[in-house]
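Hi,

Here is the structure I promised to pass on. Have a look first, and my notes follow below.

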Amino acid sequence: MKIGFIGLGNMGMPMAKNLSKAGHEVVGFDLVERQSKLFLISDQILDTVLDKDVVITMLPDGSSVLSVYSKILENLKPDTILIDCSTIDVLSAQKCASLAFESKLKALDAPVSGGISGAENGTLTFMVGGDSVAFDCVLPLFDIMGQKAILCGKNGAGQSMKICNNMILGISMIGVCEAFSLADKLGIDHSKMFEVVSAASGSCWSMNTYCPVPNVGPKTPADNDYKPGFSTDLMLKDLSLAKDAAENTESFTPLGRSAFKLYKEYFENGGKGQDFSAIIKFINMKSS
Ligand code: NAD
């Protein structure tokens with residue numbers, strides 16, 4: 001396929017590289033100068049999207065995606081499919097889809113889970129919102145960039161799913177960190193704690209796969225001085241999207257709201273740029 005790829009940052013660049021390595025004709029664009037030996041990078045956004053079968057965006061937020069869509073939509077060929085892989089708010093995702101439909105184009109929201117290593121290794125999980133015809137057309141691209149793509153419902157459903165998933169992740173990471181902090185005070189050894197909980201009813205991804213203490217379980221950012229991984233900055237962004245979505249839908253999410261507040265406090269007090277599991281340092285500091 002001929003693919004335009006807009007947003008070549010930490011996630012977009014390796015995703016675009018994987019598409020190119022798989023034999024697709026990729027042209028990329030970013031506001032910042034980027035270089036790749038694998039595919040062409042244009043300094044003109046319109047050259048990037050002209051005559052393409054698919055245009056993928058991987059951008060920081062809803063306003064950047066809306067601003068890119070407003071520039072490109074009139075210049076796409078009629079059957080181009082737009083895939084937005086950024087994590088953005090549900091309302092912006094729905095607005096993007098409406099703008100695309102007005103231009104007689106199909107759009108999917110397809111945020112990802114799996115982080116930078118998932119983008120590099122082609123093992124992302126895509127949570128997709130949109131219609132099944134467009135989804136089936138681009139499934140081979142999801143299969144290159146990821147290990148799983150799930151159609152979750154109509155436009156906006158991918159973003160809704162991502163927000164719910166990451167709200168669970170933020171809450172569960174705090175839960176695991178609190179438990180380690182309490183276990184310390186009770187004189188329980190970290191490796192014993194991991195051995196028991198990872199095989200008991202407290203087991204979860206934050207404990208078993210992404211353990212927030214060093215030298216226990218599989219290698220995680222905790223074993224690399226809490227270099228991200230998935231940063232506190234991005235966790236705070238996703239919890240903020242969850243909080244907004246809960247307010248917009250009058251949903252009762254007290255733990256999601258508390259997780260947002262705690263990550264905000266940590267972000268403003270040393271957490272910026274740290275892996276999100278480093279919140280254990282903040283929790284330990286508050287305990288003593
Ligand atoms: P990033 O900041 O590294 O990359 C974003 C890129 O978009 C930058 O290169 C920036 O210059 C470019 N950009 C911004 N506005 C633009 C515009 N108008 N036109 C063209 N380019 C523009 O961010 P990232 O880590 O690659 O994350 C991208 C998206 O993926 C975000 O929505 C993030 O929440 C989501 N995400 C990130 C991770 C992760 O681990 N990094 C994991 C899951 C989801």
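Let me start with a loop: Gly229 is found between α9 (205-208) and α10. Helices here are DSSP runs of H or I with at least four residues, strands are runs of E with at least two, and both are numbered from the N terminus. Pro228 and Gly229 are joined by a cis peptide bond, with omega at about 15°. Another backbone detail is Lys104, whose phi is near 60°, a positive value in a residue other than glycine. Lys104 is in the loop between α4 (90-102) and β6 (106-109).

Before you go further, this is a predicted model, numbered from 1 along each chain as its sequence is written. Local features need pLDDT of at least 70 and side-chain atom pairs count only at pLDDT 80 or more, while totals for chains, interfaces and linings use all residues, and side-chain values use heavy atoms, with hydrogens and water left out.

Now the domains. The chain splits into domain 1 (2-153) and domain 2 (160-287), with bounds from an automatic or database domain assignment. Their centres, taken over C-alpha atoms, are 29 Å apart. Domain 1 puts 12 residues into the contact and domain 2 puts in 10 residues (contact means heavy atoms within 4.5 Å). About 850 Å² is buried between the two, and carbon and sulfur atoms give 66% of that; buried area is the accessible area (1.4 Å probe) lost when two parts are put together, summed over both. On the domain 1 side, Thr87, Val90 and Met127 lose the most area to domain 2, together 48% of what that side buries.

And the ligand? Both domains give residues to the shell around the ligand, so it lies between them. The ligand is surrounded by 24 residues, the closest being Met11, Asp30, Arg34, Leu59 and Lys237 (near means a heavy atom within 4 Å). At least two shell residues come from each of α5 (115-121) and α10 (232-248).

- Arg34, through a side-chain N or O atom, at 2.6 Å
- Lys237, also through a side-chain N or O atom, at 2.8 Å
- Thr87, through a backbone N or O atom, at 3.0 Å

The protein covers 87% of the 830 Å² of accessible area that the ligand has on its own (Shrake-Rupley, 1.4 Å probe).

Cheers

Terms used:
A polar contact is a pair of N or O atoms within 3.5 Å; within protein, one must be able to donate a hydrogen and the other to accept it, and residues adjacent in sequence count only if both atoms are side-chain atoms.
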